[in-house]
Amino acid sequence: MRRSMKLAAVVLSGSLGMASLAACGAKSTDNASSSSSEGSLKVGMAYDIGGRGDQSFNDSAARGLDKAKSDLGVSVTEADAKAGEAEADKETRLKNLIDGGYKTIIAVGFVYQPAVNKVAKDHPDVKFAIIDSNDKDQPSNVTSLVFAEQEGSYLAGVAAANKSKAKHVGFIGGVQTELIKKFEAGYKAGVKSVDPNIVVETTYLTTPPDFSGFASPDKGKEAAQGQLDKGADVIYSAAGSSGNGAIEAVANKQGALAIGVDSDQASQPALSKYKNSILTSMVKNVDNAVYSYIDSVKKNQPFTGIKLFDLKADGVSLATTGGKIDDIQDKLKAAADAIKSGATQIPTTPAQ
């Protein structure tokens, strides 16, 4: 995990919000010309713990932001979360972005839902998007960008079951929340669809209100080692940057394979030394969702309500980097086609 602790000055053309943005850890990624261009859409992004550089969830969101900056000419500012921060810190981060002149704000992660709801009610002229969460009571100026994690995880389970020589696999969840249970449920269902007798180990690193399980590679490494010691030879981690530690542990075990999450982790520079041990990654195309949302706002046709990015909409997929699942593509395609057609219904809560 890379947490940016630098206070970066944000070029806001004399805005009184400059000091407060710097104080909340915000950093502008604009060049001078784009920052000062009149009429440019200004987008603020508030990251979850780990921020840009986590090789996973936040990085996927960052790619979408970068693409919007490059292709759509928007000016952007990013703000990082801190481990163990109070709810008030999230609210302050969002308010500081607004004070800085940012009227389109994307909150990365379900942990922002209470803060987004509160701040959005007080600022009805600001458009908010929140990733991975939806609340039936959220204000009308909040849009939820959600994913069918269970569908992509089902395919990851099919891959794991087909590649496991020990007929023993594992799942590591960062924090035991309803969202991460969707990953677990889909993965287990996919494994069992291939062979109901395969053993599936399950470990959660923390439970709410402790969200450090998303940013503790040491905990991920320890959990993976425990599952390897029990005999698992394929381990899927849905744990943010904690999964980096799990991948490291798997790479140290001859013949074991890891399944990454959110980003194509075999292609991430920081994980390059482990790429030969990464079977695939269940990619959540958060970048597509972020870019699509910003594009909709720029066109003055903003998404509203809940926008679902499922398998059919290319919201989730399996990475093919390294070619380790090339030989089972026919099986994966058959499983994906059954999901898209509705023939296979994937559970969102784990079977007991």
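How do the axes of helix 8 and helix 9 cross, and within what distance do they come? In this predicted model, the axes of helix 8 (residues 217–229) and helix 9 (residues 242–251) come within 6 Å and cross at roughly 40°. On the side of helix 8, the residues in contact are Pro 217, Gly 220, Lys 221, Ala 224, Gln 225 and Leu 228. These meet Ser 242, Gly 245, Ala 246, Glu 248, Ala 249 and Val 250 of helix 9. By class, the contact of helix 8 with helix 9 comprises six nonpolar, four polar and two charged residues.

A second pair is formed by helix 4 (residues 87–99) and helix 5 (residues 113–122), whose axes come within 9 Å and cross at roughly 45°. That angle makes helix 4 oblique to helix 5. Helix 4 passes helix 5 in a right-handed crossing. Helix 4 contributes Glu 87, Lys 90, Glu 91, Leu 94, Lys 95 and Ile 98 to the contact, while helix 5 contributes Pro 114, Ala 115, Val 116, Lys 118 and Val 119. Six residues of the contact of helix 4 with helix 5 are nonpolar and five are charged, with no polar residues.

For helix 3 (residues 57–72) and helix 10 (residues 286–298), the axes come within 7 Å and cross at roughly 35°. The crossing of helix 3 with helix 10 is right-handed. From helix 3, the contact takes in Phe 57, Ser 60, Ala 61, Arg 63, Gly 64, Leu 65, Lys 67, Ala 68, Asp 71 and Leu 72. The partners in helix 10 are Val 286, Asp 287, Val 290, Tyr 291, Ile 294, Asp 295 and Lys 298. The contact of helix 3 with helix 10 divides into nine nonpolar, two polar and six charged residues.

The largest pocket holds about 230 Å³ of space. Its lining consists of 18 residues, and those nearest the centre of the pocket are Ile 49, Gly 84, Glu 85, Lys 90 and Phe 211. Of these, Lys 90 is also one of the residues through which helix 4 makes contact with helix 5. The lining of the largest pocket is made up of ten nonpolar, two polar and six charged residues.

Conventions:
Residues are numbered from 1 along each chain as its sequence is written. This is a predicted model: local features need pLDDT of at least 70, side-chain atom pairs count only at pLDDT 80 or more; totals for chains, interfaces and linings use all residues. Side-chain values use heavy atoms; hydrogens and water are left out. On a 1 Å grid over the protein atoms alone, a cavity is a set of points where a 1.4 Å probe fits but cannot get out, and a pocket is an open set with protein on both sides within 12 Å along at least five of seven lines; lining residues have an atom within 4 Å of a point. Grid points are joined across faces, edges and corners, and a volume is the space filled by probe spheres set on the points. Ala, Val, Leu, Ile, Met, Phe, Trp, Tyr, Cys and Pro count as nonpolar, Asp, Glu, Lys and Arg as charged, and the others, Gly among them, as polar. Axes are lines fitted to C-alpha atoms, for helices over the stretch in contact, and angles run from 0 to 180 degrees between N-to-C directions. Helices (H or I, at least four residues) and strands (E, at least two) are DSSP runs, numbered from the N terminus. Angles under 35 degrees count as roughly parallel, over 145 as roughly antiparallel, 65 to 115 as roughly perpendicular and the rest as oblique. A crossing is left-handed if the near helix is turned anticlockwise from the far one by less than a right angle, and right-handed if clockwise. Contact means heavy atoms within 4.5 Å.
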